[in-house]
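Please keep the structure in view while reading.

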Amino acid sequence: MSGPPSARMRWASRAQFFGSGFIFATWGVHIPTVKIHYGVDEAALGLAMLAAGVGALLGLTQASRWIGRHGVRGIAGLCGAIYALLLAGLLVMPSYGALLGLLAVFGILTGVFDVAINTEAAQLELRDGHPLMSGMHGMFSLGGMAGAVTGGAALAAGMAPQSHLTLVAAAMALSIALSSRWMLPKEATTFTSTGDGFRLPRGALAILGVLAALGLIAEGAIYDWSVLYLKQELGSPQQQAALAYASFSAAMAATRFAGDAMRARFSPALLLRGSAWLAAASMTLVLLADAPWLALIGFAGVGIGFANVVPILFAASARVPGVEPARGIAAVSAAAYLGFMAGPPVIGFLAQLSSLTAALYVVVAFAAALAASARYANPA
């Protein structure tokens, strides 16, 4: 990778976000495969996702300590690479119980990796003096789109699921490990405390954390349940159902790449309010549609609506008075990530009680709640 140091660092950070999205999409594409392989129902599948969420909570209790001690670069490279490699184990666990253990470790590493790369993005945004966060999250969505499309193509071509998972695991681990070499050095970060463990955000950070959690509960529900929704509720074959994830991720990626310009033009509250109402309306369309193509249009609208929610809230957390920007980002991203991991199992349990269609109305409700609370996104 050539170019000035700042450019190399930005591209390294983009590669980390892309890899994170690709890995998560690959897991999303294979959720129906995991369901069939282990012979479980929606509630058990939701419990598996909860195991990842509990693991993420454990990881978040140590994220600030590990990042402070070893630096963002070291933690992102190590945790991201192992996180990728764990994909290869999804279908080879000897039992459902062993799968829960694997997903708990998967969650620990995902949580720490997520805090690390968002802290890096915040530092680069502050260092360069202009918006970068939406574009970084755009790379996550682009990775998600690429992972969903290639996963669907692999299934359509008859590739064995285990072969696909192993190939993705190796490629993403290598990409993350190599790109971490160009991330900010440890001494350049302001996120340097090694004595403090995880602390729940308070005051303004707590409000921003709750809003980010609402957004990511809804976003996580789409990532983990959209493929199964199209397959199970609307009767699409799995390779076609994978387009639900791809449609959502592609629309989100395109909007996020335009998001930094939108953030420069509109106030955070106005942009958040409009985005959230669009997400609520689009998800309602998905759930009322009786044709897969109409649901795909709806999923794209949901992606557009949720695209700038997290970048807006993370950027606001970096401007909270009296709080180190990187620590503010880490605190809010930690709370948001808990929502991201909690959402899918909640949807699973609700689906078991009623139906997956009914359970996904949670996305509509949380999007509406974000719209109603948009005023809190304005800078202090």
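**Helix packing and buried positions**

In H12, the residues Val309, Val310, Pro311, Ile312, Leu313, Phe314, Ala315, Ala316 and Ser317 are buried, where buried means under 20% relative accessible area, exposed over 50% and partly exposed in between, with a 1.4 Å probe and protein chains only. H12 is thus described as mostly covered, with 9 of its 9 residues buried. Helices (H or I, at least four residues) and strands (E, at least two) are DSSP runs, numbered from the N terminus. Because this is a predicted model, local features need pLDDT of at least 70 and side-chain atom pairs count only at pLDDT 80 or more, while totals for chains, interfaces and linings use all residues. Residues are numbered from 1 along each chain as its sequence is written, and side-chain values use heavy atoms, with hydrogens and water left out.

One partner of H12 is helix H5 (residues 133-156): the two axes come within 9 Å and cross at roughly 140 degrees. That angle makes H5 oblique to H12. Axes here are lines fitted to C-alpha atoms, for helices over the stretch in contact, and angles run from 0 to 180 degrees between N-to-C directions; angles under 35 degrees count as roughly parallel, over 145 as roughly antiparallel, 65 to 115 as roughly perpendicular and the rest as oblique. H5 passes H12 in a right-handed crossing; a crossing is left-handed if the near helix is turned anticlockwise from the far one by less than a right angle, and right-handed if clockwise. Met133, Ser134 and His137 of H5 meet Val310, Pro311 and Phe314 of H12, contact meaning heavy atoms within 4.5 Å. By class, this contact has 4 nonpolar, 2 polar and no charged residues; Ala, Val, Leu, Ile, Met, Phe, Trp, Tyr, Cys and Pro count as nonpolar, Asp, Glu, Lys and Arg as charged, and the others, Gly among them, as polar.

Attention now turns to H11. With 15 residues at 1.5 Å a residue, H11 should span 21 Å, and its end C-alpha atoms are 21 Å apart, which agrees; the expected span is 1.5 Å times one less than the number of residues. Ala295, Leu296, Gly298, Phe299, Ala300, Gly301, Val302, Gly303, Gly305 and Phe306 of H11 are buried. These buried residues pack against helix H7 (203-233), helix H8 (238-257), H10, helix H12 (309-317) and helix H15 (361-372).

How do H10 and H11 pack, and at what angle? Helix H10 (residues 268-288) and helix H11 (residues 292-306) meet at about 165 degrees, with axes 7 Å apart. H10 is therefore roughly antiparallel to H11, and their crossing is left-handed. On the H10 side the contact includes Ser275, Ala276, Leu278 and Ala279, and on the H11 side it includes Leu294, Ala295, Gly298 and Phe299. By class, the contact of H10 with H11 has 12 nonpolar, 5 polar and no charged residues.

H8 also packs on H11, at an angle of about 30 degrees and with the axes 7 Å apart. The two helices are therefore roughly parallel to each other, and the crossing of H8 and H11 is right-handed. Among the H8 residues in this contact are Gln240, Leu243, Phe248 and Arg256, and among those of H11 are Pro292, Leu296, Phe299 and Phe306. The contact of H8 with H11 has 12 nonpolar, 4 polar and 1 charged residues.

Gly215 lies in helix H7 and is buried, with a relative accessible area of 1%. Leaving aside neighbours within four places in sequence, Gly215 is in contact with Phe306, Val309 and Leu370.

Three further buried positions complete the tour. His30 is found in the loop between helix H1 (5-29) and helix H2 (31-38), and has a relative accessible area of 0%. Not counting residues up to four places away in sequence, His30 touches Leu155, Pro161, His164 and Leu165. Ile31, in helix H2, is likewise buried, with a relative accessible area of 0%. Leaving aside neighbours within four places in sequence, Ile31 is in contact with Leu45, Met49 and Asp224. Ala81, in helix H3 (residues 42-85), is buried with a relative accessible area of 12%. Ala81 and Ala173 are 92 residues apart in sequence and 4.1 Å apart in space, C-alpha to C-alpha.
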